[in-house]
Amino acid sequence: MKYNLLGNTGLKVSELCLGTMTFGGNSYWARIGKLDQQGADEIVARAVEGGINFIDTANIYSEGMAEEITGKAIRNLKLNRDDLIIATKVRGEMGTGPNDSGLTRKHILRQVEASLKRLDTDYIDLYQIHGFDALTPIEETLEVLDGLVKSGKVRYIGCSNLAAWHIMKASAYSHSNHIARFESLQAYYTIAGRDLERELVPMLHDQKMGLMVWSPLAGGLLSGKFNRKMETEADSRRTHFDFPPVNKDKAFDIIDVLEPMAKKKQASVAQLALGWLLHQKVVTSVIIGAKKMEQLNDNLKSIDITFSPDELLKLDEVSKLSVEYPAWMIERQSDGRVK
């Protein structure tokens, strides 16, 4: 297991991060996973044994149950809290009132205390806003997050599911006011969905921000269970929860290349899909979630996947984005002006 620096910090996080969206599984979240405490304890134990020191959760996952189960797993396994990097998120609805969601000072201060209690910890290593809130000025959000960093309840702050301009606006405010800035972005990225590369990847490189990848297997589409001949499976996440949106024709083209490559390497399609992400320089950590131990064990092997230059070229060709404006104009005008 490799350990990468999180953004422009000295904090080292494992290249694979354990996601906890499968923990709990009450109501809506049962479509994704419903691990009970014992099952979660076993998953956390195996992840840590495999070298993972990074655990990602969110207050909305199973309406708080995922955080509770995560905190209890750490206690049950007698893990050293300070050896772990725990990340959680805030923004989503945690009640029915008009102020029970969003990125306001009121909501964030209430939710950080609730997350600390559920996780049974004195501090959160990485506190992330879970998305854009059009009603709350980003200045208000950043000021309250900076206050949490200064108080010691939060070590670093990050964001998730934002556009490049959102992040640049936030970074400019943080820089100008000498307050904590977003050190990482948690975003959807997969060989079957490379939209991130248009605007966000150049921005992440420029701003020296870390990237945590969610849904690296495109909601299970790249799990190895699917191809052109078998587009659905009775017990799969995709059957019950067809998300995130994917161009399936293109995804099957990619799988057509991955399958023989995986067979040759005596590996799984999922391992190669994860391995491809680990070969992308912009990626800090890839979030893996599992409902079953065999899924986790398979995913952990992705850190050993290597590709030849020819294999990487084949994967790039079958999965690359079509060039859009202004990219084609920037490329045209960059002759002789590229480092």
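Trainee: Arg194, is that one buried or exposed?
Mentor: Arg194 is buried, with a relative accessible area of 7%, where buried means under 20% relative accessible area, exposed over 50%, and partly exposed in between, with a 1.4 Å probe and protein chains only. This is a predicted model, in which local features need pLDDT of at least 70 and side-chain atom pairs count only at pLDDT 80 or more, while totals for chains, interfaces and linings use all residues. Residues are numbered from 1 along each chain as its sequence is written, and side-chain values use heavy atoms, with hydrogens and water left out.

Trainee: And what does Glu197 form with Arg194?
Mentor: The two form a salt bridge, with the closest N and O atoms 2.8 Å apart; the term stands for a side-chain nitrogen of Lys or Arg within 4 Å of a carboxyl oxygen of Asp or Glu. Glu197 counts as partly exposed, at 22% relative accessibility, and a network of salt bridges links Arg194, Glu197 and Asp316.

Trainee: How many salt bridges are there by this rule?
Mentor: The count comes to 17, and among them is the pair of Arg228 and Asp253, whose side chains meet at 2.1 Å, N to O.

Trainee: Switching to Arg110, what is its partner?
Mentor: Arg110 forms a salt bridge with Asp100, their closest N and O atoms being 3.1 Å apart; Arg110 counts as exposed at 55% relative accessibility, whereas Asp100, at 15%, counts as buried.
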